[in-house]
Amino acid sequence: LTTTPRRRVTLGRGRLPGGARDFSARLWCAGAPPSATTSTDLALPLVSTARPSCVVTHSEQRRMPNHHNEECRAVQVARMFFQAATKLSEDNEDILPQEDGVDQKLSVFHLFSELFPEYANDKDRDGSSGKNGLMRLQFNKIGYEMYDKEQSRRVPAVRAKPGNPGYGFRRARWRNTIELGEDRRYCESVLRSMDVSQERIDRIRRRVADFRDEWDNVRRPSRPAGPGRPRGHKRATTLDG
C-alpha cells in the first residue's frame, strides 16, 4: 500500500474584495505540488454578518405564542365580541370599565372570559384556556382599537383605594340585546358569522343584558354630589335603536 505524502500548503496574504482587512489561510492537501505554496491573491466573496430577517432569536421565540392559529382566532373572537356586545354612545357619560371592582366584576373582559372561556386567559376564573387565550391587557388593547381610553372615577381602579379614577372605554355602552331592534339584530348577525349556535347566542344576549342593567345601576357619575354641588337626577333610560 503506497501512501501519498501530505504537504502543507500556505496561501499567501491576500485582500478581500471591497477593501476588507487582510487574512491568512492554511490548508492541507494530499500530494500538492511545490508550486501550490506560492502566494496568490484570493478573490473570495464577502459573507454578510447581518442576521437574516427570517431568523428568529431565542428571546423573540420566547415571546411568540406556541399556537399561532389559536392566538389569531382568539384575537378575531375578541374583536367580534366587542362589535356584537358594545357600541359607541352619543352620551359622554357612558363608559365601560376595563378592570373589575372589589365588589362588582362588570368589566368587558370578565364577561368575555365567561362567554368565551376557550379564548380567554383569566387568572381569576376557573376553566379559562390558559396560555392559548388572551389576557386582560391583550383584550383591552383590542377594545382601544375601537374606543378611546379615558381615566375616570366612574370606573373602578385596579389595586387602588375606592374612589380613585380608573381607566375605561370612553363612550362605550352595552347593546340592548333583549328588545327587538337594531342592537339585537346586529348582535345576532355578528355571532352567527362566528358559527355560534342559536342556543349560545341566546345565552350571550341574556348575559350582555344583565351586565348592561347592573352597570347602569352601579356606575358612579362623573361629578358626584358634594359641597355646593347637589346630587344630580338619575339619568332617564332610553331605548336604543
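Me: Which residues of helix 3 are buried?

Reply: This is a predicted model, in which local features need pLDDT of at least 70 and side-chain atom pairs count only at pLDDT 80 or more, while totals for chains, interfaces and linings use all residues. Residues are numbered from 1 along each chain as its sequence is written, and side-chain values use heavy atoms, with hydrogens and water left out. Buried means under 20% relative accessible area, exposed over 50%, and partly exposed in between, for a 1.4 Å probe and protein chains only. Helices (H or I, at least four residues) and strands (E, at least two) are DSSP runs numbered from the N terminus. In helix 3 the buried residues are Val108, Phe109, His110, Leu111, Phe112, Ser113, Glu114 and Leu115. That makes 8 of the 8 residues of the helix (residues 108–115), so helix 3 is largely enclosed by the rest of the structure.

Me: How many strands form the open sheet, and in what order?

Reply: Two strands pair if DSSP finds at least two bridges between them. Here 3 strands form an open sheet with antiparallel pairing, in the order 4-6-5. Strand 4 and strand 5 are at the edges with a single partner strand each, so one side of each lacks a neighbour in the sheet. From one strand to the next the twist averages 45 degrees, where axes are lines fitted to C-alpha atoms (for helices over the stretch in contact) and angles run from 0 to 180 degrees between N-to-C directions.

Me: What residues line the largest cavity?

Reply: Rolling a probe the size of a water molecule over the atoms shows where empty space is left. On a 1 Å grid over the protein atoms alone, a cavity is a set of points where a 1.4 Å probe fits but cannot get out, and lining residues have an atom within 4 Å of a point. Grid points are joined across faces, edges and corners, and a volume is the space filled by probe spheres set on the points. The structure has 1 cavity of 30 Å³ or more, and the largest cavity contains about 40 Å³ of space. Its lining consists of Asp94, Ile95, Leu96, Ala172, Arg173, Trp174, Arg212, Trp215, Asp216 and Arg219. Strand 4 (95–97), strand 7 (172–174) and helix 6 (198–218) each give two or more residues to this lining. By class, the lining has 5 nonpolar, no polar and 5 charged residues; Ala, Val, Leu, Ile, Met, Phe, Trp, Tyr, Cys and Pro count as nonpolar, Asp, Glu, Lys and Arg as charged, and the others, Gly among them, as polar.

Me: How many salt bridges does the structure hold?

Reply: A salt bridge is a side-chain nitrogen of Lys or Arg within 4 Å of a carboxyl oxygen of Asp or Glu. The structure holds 19. One of them joins aspartate 94 to arginine 219, with the closest N and O atoms 3.2 Å apart. This pair links distant parts of the chain, 125 residues apart: aspartate 94 is in the loop between strand 3 (86–88) and strand 4, and arginine 219 is in the segment after helix 6. Both aspartate 94 and arginine 219 are buried.

Me: What is the salt-bridge partner of arginine 203?

Reply: Arginine 203 forms a salt bridge with glutamate 114, the closest N and O atoms being 3.7 Å apart. Arginine 203 lies in helix 6 and glutamate 114 in helix 3, 89 residues apart. Arginine 203 is partly exposed at 34% relative accessibility, while glutamate 114 is buried at 18%.

Me: Where is arginine 171, and what is its phi?

Reply: Arginine 171 is in the loop between strand 6 and strand 7. Its phi is near 60 degrees, a positive value in a residue other than glycine. Arginine 171 is partly exposed, with a relative accessible area of 23%.

Notes: On a 1 Å grid over the protein atoms alone, a cavity is a set of points where a 1.4 Å probe fits but cannot get out, and a pocket is an open set with protein on both sides within 12 Å along at least five of seven lines; lining residues have an atom within 4 Å of a point.
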